[in-house]
Amino acid sequence: MEMKILIIEDEVKIARFLELELSHEGYEVDVAHEGRIGYEKAASGKADLIILDLMLPGLSGIEICRRIRRESDVPIIMLTAKDDVTDKVMGLDSGADDYMTKPFAIEELLARIRVALKRKEKTLHQAQTIQAGGLTLYKDEYRVTYQGEEVALSKTEFELLKYLMENKGMVLSREKILEHVWGYDYVGDTNITDVYISYLRNKIDQKYDLPFIHTVRGVGYLLKDYEK
């Protein structure tokens with residue numbers, strides 16, 4: 001899938017040059033020449049990265065950057081004709097990830113775009129995974145691995161393990177586990193948590209001979225980092 005880049009730049013020649021270069025590199029490009037229109041496009045959340053000019057009619061690049069940062073972590077590379085350190089600091093303090101002064105080499109800008117997009121992809125990936133020792137839980141994919149080996153779990157086992165891993169190192173009572181995994185509407189014996197904990201232990205602790213899940217007598221369970 002093509003990555004989408006939004007260019008907010010009032011200098012038409014520069015915007016067109018960037019549009020052609022970025023399209024040639026395989027990016028899907030959108031352009032705005034006015035600050036308020038640029039912010040509206042940015043606020044739609046469709047862009048994977050924004051190239052933002054500092055001096056814009058309607059709404060300044062600094063203000064656009066501040067507004068975007070209230071609701072999004074999309075990478076922003078700020079462009080400006082100004083080479084003053086104060087302006088660079090102001091741009092970065094407003095939430096820009098990077099800053100380039102005009103005139104700039106397109107190769108350098110393309111390299112910085114690649115770095116920013118890789119950083120974003122890595123952050124997204126980390127947000128979707130939870131680590132505990134050699135265990136990795138992939139939230140979106142509904143799967144778990146131990147040192148790369150797939151661990152087959154039912155949906156309830158997966159949800160229980162996810163809750164334990166999200167609260168790694170914390171003691172969770174049976175009541176809390178029930179509320180979170182089975183829901184407030186669950187009517188039944190709290191011992192069901194013990195049953196599913198035993199399922200997880202069979203599939204993980206005993207299989208890999210590692211004490212991930214610990215019982216805290218009279219309270220509940222906790223999961224600890226452990227790796228051979």
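These are legends for a set of close-up views of a predicted model.

View 1. Thr 136 sits in strand S7, which covers residues 135-138. Is Thr 136 buried or exposed? Its relative accessible area is 8%, so Thr 136 is buried, the cut-off being under 20%. Its side chain makes a polar contact with the side chain of Gln 131, at 2.8 Å. Skip the neighbours within four places in sequence, and Thr 136 is in contact with Thr 129, Ile 130, Gln 131, Arg 143, Val 144 and Thr 145.

View 2. Arg 16 is partly exposed at 44% relative accessibility. Glu 19 is partly exposed too, at 23%.

**View 3. Asp 97 and Arg 69, a link between distant parts of the chain.** Here the side chains of Asp 97 and Arg 69 meet in a salt bridge, 2.8 Å from N to O. Where do the two partners come from? Asp 97 is in the loop between helix H4 (85-93) and strand S5 (98-101), while Arg 69 is in helix H3 (residues 61-69), and 28 residues separate them. Asp 97 has a relative accessible area of 36%, which makes it partly exposed. Arg 69 is partly exposed as well, with 22%.

**View 4. Glu 157 and Lys 203, a bridge from helix to helix.** A salt bridge joins the side chains of Glu 157 and Lys 203, with 2.8 Å from N to O. Glu 157 belongs to helix H6 (residues 155-166) and Lys 203 to helix H8 (residues 191-208), so the pair ties together parts that are 46 residues apart in sequence. Elsewhere in the model, salt bridges that share partners make one network out of Glu 9, Glu 11, Asp 53 and Lys 102.

**View 5. Ile 192 in helix H8.** Now for a residue of helix H8, Ile 192. With 22% relative accessibility, Ile 192 counts as partly exposed. Leaving out neighbours within four places in sequence, Ile 192 is in contact with Leu 178, Trp 182 and Tyr 186. Another handy distance runs from Ile 192 to Arg 174: the two are 18 residues apart in sequence and 9.1 Å apart in space, C-alpha to C-alpha.

**View 6. The largest pocket and its lining.** The volume of the largest pocket is about 210 Å³. Which residues line the largest pocket? They are Asp 73, Val 74, Pro 75, Asp 97, Ala 116, Arg 119, Lys 120, Thr 123 and Leu 124. By class, that lining has 4 nonpolar, 1 polar and 4 charged residues. Asp 97, part of the lining, is also the salt-bridge partner of Arg 69.

**View 7. A cis peptide bond at Pro 103.** The peptide bond from Lys 102 to Pro 103 is cis, and its omega is near -5°. Pro 103 is located in the loop between S5 and helix H5 (106-127). Lys 102 is also a member of the salt-bridge network with Glu 9, Glu 11 and Asp 53. For context, most residues other than glycine have a negative phi, and most peptide bonds are trans.

View 8. What is phi at Tyr 142? It is near 55°, a positive value in a residue other than glycine. Tyr 142 is in the loop between S7 and strand S8 (143-146), and is partly exposed, with a relative accessible area of 42%. Asp 209 likewise has a phi near 55°, again positive in a residue other than glycine. Asp 209 is in the loop between H8 and strand S11 (213-216). With a relative accessible area of 59%, Asp 209 is exposed.

Methods. Residues are numbered from 1 along each chain as its sequence is written. This is a predicted model: local features need pLDDT of at least 70, side-chain atom pairs count only at pLDDT 80 or more; totals for chains, interfaces and linings use all residues. Side-chain values use heavy atoms; hydrogens and water are left out. Helices (H or I, at least four residues) and strands (E, at least two) are DSSP runs, numbered from the N terminus. Buried means under 20% relative accessible area, exposed over 50%, partly exposed in between (1.4 Å probe, protein chains only). A polar contact is a pair of N or O atoms within 3.5 Å; within protein, one must be able to donate a hydrogen and the other to accept it, and residues adjacent in sequence count only if both atoms are side-chain atoms. Contact means heavy atoms within 4.5 Å. A salt bridge is a side-chain nitrogen of Lys or Arg within 4 Å of a carboxyl oxygen of Asp or Glu. On a 1 Å grid over the protein atoms alone, a cavity is a set of points where a 1.4 Å probe fits but cannot get out, and a pocket is an open set with protein on both sides within 12 Å along at least five of seven lines; lining residues have an atom within 4 Å of a point. Grid points are joined across faces, edges and corners, and a volume is the space filled by probe spheres set on the points. Ala, Val, Leu, Ile, Met, Phe, Trp, Tyr, Cys and Pro count as nonpolar, Asp, Glu, Lys and Arg as charged, and the others, Gly among them, as polar.
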